[in-house]
Amino acid sequence: MRTIENIRRFRLSDTFIEPYKDAIVPWGPIGYVTFKRTYARRLSEFDPSDTGTEEWWQTCRRVVEGMFNVQKQHVVSLGLAWNDNKAQKTAKDAYERLFNLKWTPPGRGLWMMGTKFVEEKTGAALFNCAFRSTKELSTKGGYLFAWMMDALMLGVGVGFDTLGAGTVTICEPEYTNDTLVIDDSREGWVNSVHSLLDGFFFGAKVPKFDYSAIRPAGAKISGFGGTSSGADPLIELHKNLTELFTPKVGEPITSVDLVDTENLIGRCVVAGNVRRSAALAMGNYDDKHYLQMKNDQEKLYHHRWGSNNSFNAEVGMDYTWHAEQSKANGEPGYIWLNNAKTRGRFKDPERFDDINVAGFNPCVEQQLHDGECCCLVETFPAKHESYEDYVKTLKCAYLYGKTVTLVNTHWPETNAKMLKNRRIGLSQSGIVQAFNKHGRRQMLEWCDAAYNHVQELDKEYSDWLCVPKSIRTTSIKPSGTVSLLNGSTPGIHFPEDEYYIRRIRFSKDSALLDSIREAGYVIEDDEYSPNTVCVEFPVQEPFFQKGKRDVSMWEQLEIAAQYQHFWADNAVSVTVTFKESEASQIKSALELYESRLKAVSFLKYQETGYKQAPYEPISKEQYEEKMKNITPISRIETNVAGAGTKFCDGESCEL
């Protein structure tokens, strides 16, 4: 996205904003700390003379003004009609509903919308996720993995397939005496990996790499935010890729090689100060070598943790072997790609407008074409008292998602897909809370009516913006950090229990710890990681009826299928937890739900026995005792910005 200079920026008035500066935000139990830790940018980015980091009212202003400025730039640059009074009215409603946490952009949007990086460099950082096929490896070579690395470094989670297996014979690179001084930039790192991989895929020339221009570890990174890791992660990646392919010169590339390549890149990105990697590998259902990759414990701990591994399932197949794998370690995940190609909501007839779907994003809620990105937006029906109020919020969320489709990336082939598809994913979180508050049947009625309302909105606004209607509009994402802001259960999943401890890890030098300690929260040294502490946040779950250990595998599957029926024309991201007594039923469950879902994964519910587990159920008495010593935090003064959200922000796809 390039802002056109002579178009006046969209701004909300200071008079409108003023009352929100001291207004109470309906944070969840961990909401404010999560916000300051993750999303609050340095104020000096916008005014060099300012100090400190954003408070919520400022983040909301940046996001809403950024959102409507994108719309205005698009409309005015095309010579279309822009009604500022109407836009102000809609923007004020979007601001009020965002401030009160009835909807939120994805974590990507809270972190990046309205920043100079998006407006001056690339809009790619606004997108949650993407998919890239390796099918054209024989012609595109290292570019495909360079694209994935570029996306991951921007915080975009990437799904990919193994269709390139057998299409390239690994070559000996032509090593030269030329020196490539690697530029101190994302592009510099990516280009060096592109060059090295083309050497192994095509026998291309590979220069000597000079890392001296890369800034030292700890240096500030302008634009995207964060601090430099130094050159070590890139040096290690070059070494790891060379060690992977050199012994295999003369052999066809395998599906395992393809996944290892991406996983090693993911390891580098994580070490390169993008804290987590989110990737999904999608292989063939009969590729046993691929499906058993994670059985190699040494390689799993080194780099194969770098993707969730799924396979393209076929309706009617024999699930016996795969169900045994799911029982043992929660992988592989199941993707019925043909269901995605031929269905929107399952309530509706078959449709073939999305027949070019090639795969899914890492959390498997968005079906995507090769090279396509997606933008997700969350709404919280349990935070509403009526359907009428909810659809007003849904309009704000829809407008955010549609607006992001107006933003270009720096990848031409991606823009070509997205300019036509305009795919968005309007999601819901706190679904179980909404069931308990409004009733399950009423919520499904809301879903059906609201879906039709979204289609009407899409026609109206697509006509105004002079862009195609969105090929798909709704999904259920797993959520994670964003749902912590207002205390919602993530996506379609059940809460841990009515009362529990939620542990969050912080670096020992975190600027937030003094305020957390003064508020009375328990802080302990991390048993597993040096220079890290665990903070215990006691949580009481609202509208509680049952938790993860109480709900059956079958109820979870049915809820997912109902949402795929009434709401999601993309997909429902669901990780079904099962008890030991249910493990033998996974094969039957797959046979019964293969025609009602687009994707599913399974994970055994068990008390791990680990110290300092992320979730720990406690009694009401324990909760009340812990809360006696805690004073809620209302403000944290710091000049240290949040870490920024990376990828989809859901625990099931961040690794």
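**Group meeting: overview of a predicted model**

The protein I present today has 24 helices and 18 strands; both are DSSP runs numbered from the N terminus, helices being H or I with at least four residues and strands E with at least two. This is a predicted model, in which local features need pLDDT of at least 70 and side-chain atom pairs count only at pLDDT 80 or more, while totals for chains, interfaces and linings use all residues. Residues are numbered from 1 along each chain as its sequence is written, and side-chain values use heavy atoms, with hydrogens and water left out.

Let me begin with overall dimensions. The C-alpha trace spans about 65 × 60 × 55 Å along its principal axes. For 655 residues, a compact globule would have a radius of gyration near 26 Å, and the 24 Å of this protein agrees with that. The radius is taken over C-alpha atoms, and the globule rule is 2.2 Å times the number of residues to the power 0.38.

Of the 655 residues, 60% are buried. Buried means under 20% relative accessible area, exposed means over 50%, and partly exposed lies in between, with a 1.4 Å probe and protein chains only.

I turn to the interior. A nonpolar core is a set of buried Ala, Val, Leu, Ile, Met, Phe, Trp, Tyr and Cys residues joined through side-chain atoms within 4.5 Å. The largest has 171 residues, and Met149, Tyr563 and Trp567 touch the most other members. Helix H19, residues 440–465, gives the most to this core, with 10 residues. A second, separate core of 10 residues includes Met282, Phe360, Val364 and Ala571.

Which residues does Leu180 touch, leaving aside those up to four places away in sequence? They are Pro207, Lys208, Phe209 and Asp210, where contact means heavy atoms within 4.5 Å. Leu180 lies in strand E4, residues 174–181, and counts as partly exposed because its relative accessibility is 32%. Between Leu180 and Pro207 there are 6.0 Å in space, C-alpha to C-alpha, and 27 residues in sequence.

Finally, the backbone. Most residues other than glycine have a negative phi, and most peptide bonds are trans. The bond from Glu331 to Pro332, however, is cis, with omega near 5°; Pro332 sits in the loop between helix H14 (320–329) and strand E8 (333–335). Cys466 is not a glycine, yet has a positive phi of about 60°. Its loop runs between H19 and helix H20 (481–486), and Cys466 counts as exposed because its relative accessibility is 52%.
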